[in-house]
Amino acid sequence: MSQVKENDTVKVHYTGKLSNGQVFDSSADRDPLEFTLGQGMLIPGFEKAVLNMKVNDKKTIVIAKEEAYGEIQKELFHEVKKEQLPQDMAPEVGMGLASKNPDGSENQFRVAAVNEDHIIVDGNHPLAGQDLTFDLELVEIK
C-alpha cells in the first residue's frame, strides 16, 4: 500500500482543536479536504503530519504554534481613529474588518479594543500564538 509523499494530492478528514479541546474547524459534515503537498496551501505542521500516512490511517497530532500560524506579532496591531471608519459602523471587540490596498488586495483584521476616539485592530491570524491539535484520517491518495 502506498504512502503519502511530497507533491501527492490527497484527501483528508480532519478535526482541529485548541489546547482547551474547543473545536475550531472540522471536515466531519462536509467533503474531505483535498490538497497537494508542497504547495504551501496549508500550515507546515499539517502537511508534515500527512507525509507517510496510508489510506485509512488515523492519527492525532499536536502542531506547535511555530509550525501553525506562528507567534502573535505586536507589529500587526494598529490604532485606527474612529473618524476613519464608516459613519454607520459600531465597532465591537472581535468584529472582522477588511481594508483594501492600492493594488486591490485585501487585509483582514479583527477589532481587538474599542476606545473613545479610536479602535485597535489586529492583523494576526485568529489562531496565531496557539498550539493546535488535529485528528486526521487519510481518505485518498490521488
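In these legends, two residues are in contact if they have heavy atoms within 4.5 Å of each other. The model shown is predicted.

**View 1. Surroundings of V10 in the predicted model.**
Once its neighbours within four places in sequence are set aside, V10 is in contact with V4, L33, E34, F35, L37, V50, L138, E140 and I141. V10 also belongs to the largest nonpolar core, where V10, F46, V50, F134 and L136 are the residues that touch the most other members.

The largest share comes from β9, which supplies five residues. Another core, of seven residues, lies apart from the largest one and has V80, L85, F109 and V121 among its members.

**View 2. The aromatic pair of F35 and F46.**
This pair is one of five aromatic pairs in the structure. The ring centres of F35 and F46 are 5.9 Å apart and the ring planes meet at 65 degrees, so the pair is edge-to-face, a term that applies to planes over 60 degrees apart. F35 lies in strand β3 (residues 33-36) and F46 in helix α1 (residues 44-50), and the pair links distant parts of the chain, 11 residues apart. Both F35 and F46 are buried.

**View 3. The aromatic pair of F46 and F134.**
F46 also pairs with F134, again edge-to-face, with 5.1 Å from centre to centre and 90 degrees between the planes. Because F46 lies in helix α1 and F134 in strand β9 (residues 132-141), this pair ties together parts of the chain that are 88 residues apart in sequence. F46 has a relative accessible area of 4% and is buried, while F134, at 5% relative accessibility, likewise counts as buried.

**View 4. Domains and the annotated region.**
The protein chain is divided into domain 1 (3-70 + 129-141) and domain 2 (74-122), and the C-alpha centres of domain 1 and domain 2 lie 31 Å apart. In an unreviewed entry, UniProt lists residues 7-101 as "domain: PPIase FKBP-type". Over residues 7-101 the chain is 7% helix and 35% strand, with the end C-alpha atoms 33 Å apart.

Terms used. Residues are numbered from 1 along each chain as its sequence is written. This is a predicted model: local features need pLDDT of at least 70, side-chain atom pairs count only at pLDDT 80 or more; totals for chains, interfaces and linings use all residues. Side-chain values use heavy atoms; hydrogens and water are left out. Rings of Phe, Tyr and Trp (its six-membered ring) pair if their centres lie within 6.5 Å; planes under 30 degrees apart count as stacked, over 60 as edge-to-face and the rest as tilted. Helices (H or I, at least four residues) and strands (E, at least two) are DSSP runs, numbered from the N terminus. Buried means under 20% relative accessible area, exposed over 50%, partly exposed in between (1.4 Å probe, protein chains only). UniProt positions are given in the numbering used here, feature names are shortened, and annotations may be inferred rather than shown by experiment. Domain bounds come from an automatic or database domain assignment. A nonpolar core is a set of buried Ala, Val, Leu, Ile, Met, Phe, Trp, Tyr and Cys residues joined through side-chain atoms within 4.5 Å.
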